[in-house]
Amino acid sequence: MTQPPSRFPSPHRQPWFTALVLLAVGAVFTAGGVYLATLAGSLYYLVAGLALIATGILALRRRPEALWLYGALLVGTVLWALHEVGLNGWGLEPRLVAPTVLGLWLSLPWVRRGIVPATDRRPLARHAVLAPALASGLAIVVLIAGFAQPVGVAGDAGNRLFAGQVDGSVPAEDWWYYGRTAKGDRFSPLDQINTANVKNLKVAWTTQTGDTMRPGEDIGGTDAGHEFNFEVTPIKVGDTVYVCTGHSWVEALDARTGKVKWKFDPKANTDADVYLACRGVAYYRAPEGKSSVCPTRILAPVLDARIMALNAETGKPCEDFGDHGFISLAKYLGHVPAGFHFVTSPPLVVHDRMILGGWVYDNQSRNEPSGAIRAFDPVSGKIIWAWDVGHPDQVVHPGDDTVLTRGTPNAWGVYTADPDLNMVYLPLGNATPDYFGGGRRPFDEAYSSSIVALDITTGTPKWHFQTTHHDVWDMDLPIGPSLVDLPIGGKTVPALVQSSKRGEFWVLDRRTGKPVVETIEKPVPQDGVPGETLAKTQSYPVGMPSLTPADLVENHLWGATPIDQMMCRIQFRKAHYEGQFTPPQLKQTIVYPAFDGVIDWHGATIDPQRKLLIANSNYIPFMITMKPREPFEKSGAVPPWNGSGNEPKIGPGIAPQYGTPYVGMVHPWLNPIGVPCNPPPWGTLTAIDLVTHKIVWQRPIGDTRATGLGGTHTNLPLPTGIFNIGGNMMTAGGLDFIGATADNMFRAADVRTGKTLWEAGLPAGGNATPMTYSVDGRQYVLIAAGGHGGLGTKTGDYLVAYALPQS
């Protein structure tokens, strides 16, 4: 007798793979969803997990209801996603892409036949495939609509120009300071390369310094945090370019060809230094007859707490400077443990003064070496004056036995100055440590995270303005302000614009330190750890646009997939977070923005003719946890130390904070697969009109092409905007040049609109601020491309110059 056809497929067509995927994802969703629900988080993952498990079971039983149930789940997911983030493409991506792919998989004929056999003619079975197919179509339409929405702000700065505003103290063809001039605007009046021809830029020359990363100097090395970075902004004087490297080498290059004229290695002992970088050197021409040994000289920091003076023509140490060309910066600081004081920024040399401070080893001890600012004679190297925060209203003239006040706020970033006003502007940091401020002294409280103006010649303090009160978030000022004259109330006001890690911009009269835009105090959270004394309010320059990110909320958290997004939600709910200025707690605390900025040591760039500010920004939260000290000392993880001798070796990820009741734990907030929990864009480029105080345009900057998992530096070039370290610079040709991004690209944008007009791949990470110059009538754009150990970009030792083809 002939058997009737089976209603089900043969065993070899059973949907084992599909069912197992559904059951596995459903189990993860259900487990995570239950945990998230107990933390008062979203119920979606629990509901979706149960629905996926049910779908998997129905698929194993070859029931058409499996397809109907998944279709309903996908439609519900679309509605939930729209409710959470609206038509935001990157917000929709982790919520919809993976579920849509699974819906399309279930719609494939050979997959569908494994669940619903062709012999099943019931209406429920015959039309079951429509459920995942139509739901997937809906999700695709929503995704397309989401990514069609513009990201950022579209606008046009127009052609407004203020005549006679370019600083003429530096020849147009040169670049003498980190910011081209002492005023730090990073604007060049050169316009040979412009918006019309920038597309024709080609490599003019490439030079390798020979100084490369050594074993253990990358973020993944045996010494976590002992990182090598090539962050230099070259200077150019005459026909020579001068650079320094991560191990304190100095090199002079022919500006036409990049050929090395001379190089000098000071043999710096960097064994104890956690941050290996040099952001620039200074040039000085001695007054006529004052130095026959080195009439022109390069003054450069050495990472083992020295400054050296080199003959600008030969590279030989200047014998009339200090001890055969070197002076020690440890003098007057008392006991300096190894690695506790060094300089990464170029000294400011103006009006026959060489002014500098130093880098203080963050979060190690309460009684670290002084952060005092010192001025030296750039010919002899003798100290002229010191400004000590411990005696803020005085000028110190150190003698041989002078020890400057220990543990004071320092100024480690690049300084700026107004030579006409004879004022230098200092960006101050914190009294150490950063994350616990109990017991700080009155002068620490008054001057931490402040802009300070001093008389260049005498060191006499003029004024100070504090940007963050009682800073326990490491919101120190990492670079001096950029100076610009602004039309205010019918008058031209000599102003300064101070960028910050917070993403705020304070605009002050640089003569008096008084705000020239509305600046108010707002209340902030007050629940610090025992022993903490928090400021009740913080300063907000509300008269200027802010690049500060919005406070995090659970429904806006991100992830590459629904699973790691769920993990971010769980971490968010477990952590302590009250928005910006959440004080560090005895549990994981989200700090956002965090110490890497919004805007870090690279600062902002100003076009003085257009009165336009352009800044590149970063967005990544950090986790901070304060732990009682005693268990760490008992276990030996943080051995006791009284500050004498050198600090005991501490394991990675621990901030010992000697002299306080707490040990700190600090790390970026990434989910288990290394993806940020905050949504894209993670990096932006923004233009602000300094006259109208409005954002003109804002665009994501950089993509994910070099950010693959496991340090592979290979990924799809998704235009998320990406993390960036290094600044931008503008030209009179209407261009803004920027490397900085973790995708190893160099770009030129139209300053009017922010549109990228040109881009080129670099041989390594361009995590430095570019500059431009001309020689023999030809304009060059130059950038250091050597990577950044902390950011994890490709390492190297390249200097790459671009120019238009010679006709």
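Predicted model: local features only at pLDDT ≥ 70, side-chain atom pairs only at ≥ 80, totals over all residues.
User: What does C244 pair with?
Analyst: C244 is joined to C278, with an S to S distance of 2.0 Å. C244 lies in strand β5 (residues 240-244) and C278 in the loop between β8 (275-276) and β9 (282-285), so the link ties together parts 34 residues apart in sequence. Strands here are DSSP runs of E with at least two residues, helices are runs of H or I with at least four, and both are numbered from the N terminus.

User: Which hand does the link of C244 and C278 have?
Analyst: The link is left-handed, with -90 degrees about the S-S bond.

User: Are C244 and C278 buried or exposed?
Analyst: C244 is buried, at a relative accessible area of 1%, and C278 is buried at 2%. Buried means under 20% relative accessible area, exposed means over 50%, and partly exposed is in between, using a 1.4 Å probe and protein chains only.

User: What about C294, where is its partner?
Analyst: C294 forms a disulfide with C318, their sulfur atoms 2.2 Å apart. C294 lies in the loop between β9 and β10 (296-302), and C318 in the loop between β11 (306-311) and β12 (326-328), so parts 24 residues apart in sequence are tied together. Both C294 and C318 are buried.

User: And what joins C568?
Analyst: C568 is joined to C677, S to S 2.0 Å. This pair links distant parts of the chain, 109 residues apart: C568 is in helix α9 (residues 562-574), and C677 is in the loop between β33 (662-668) and β34 (683-689). The torsion about their S-S bond is about -75 degrees, so this disulfide is left-handed. Both C568 and C677 are buried.

User: What pattern do the disulfides follow?
Analyst: Counting bonded cysteines along the chain, the pattern is 1-2, 3-4, 5-6.

User: Switching topic, how many cavities of 30 Å³ or more are there?
Analyst: There are three cavities of 30 Å³ or more. On a 1 Å grid over the protein atoms alone, a cavity is a set of points where a 1.4 Å probe fits but cannot get out, and lining residues have an atom within 4 Å of a point. Grid points are joined across faces, edges and corners, and a volume is the space filled by probe spheres set on the points.

User: What is the volume of the largest cavity, and which residues line it?
Analyst: The largest cavity has a volume of about 70 Å³. Its lining includes W473, M475, R502, F581 and Y592.

User: Which residues are closest to the centre of the second largest cavity?
Analyst: The second largest cavity holds about 60 Å³ of space. Of its 13 lining residues, S345, P346, G357, G413 and Y415 are closest to its centre.

User: Last one: where is I373?
Analyst: I373 is in strand β17 (residues 373-376). At 0% relative accessibility, I373 counts as buried. Leaving aside neighbours within four places in sequence, I373 has contacts (heavy atoms within 4.5 Å) with residues including G357, W385 and Y415.

Note on methods: Residues numbered from 1 in each chain as written. Heavy atoms only, no water. Disulfide = S-S within 2.5 Å. 1 Å grid on protein atoms, 1.4 Å probe; cavity = no way out; pocket = protein on both sides within 12 Å on 5 of 7 lines; lining within 4 Å.
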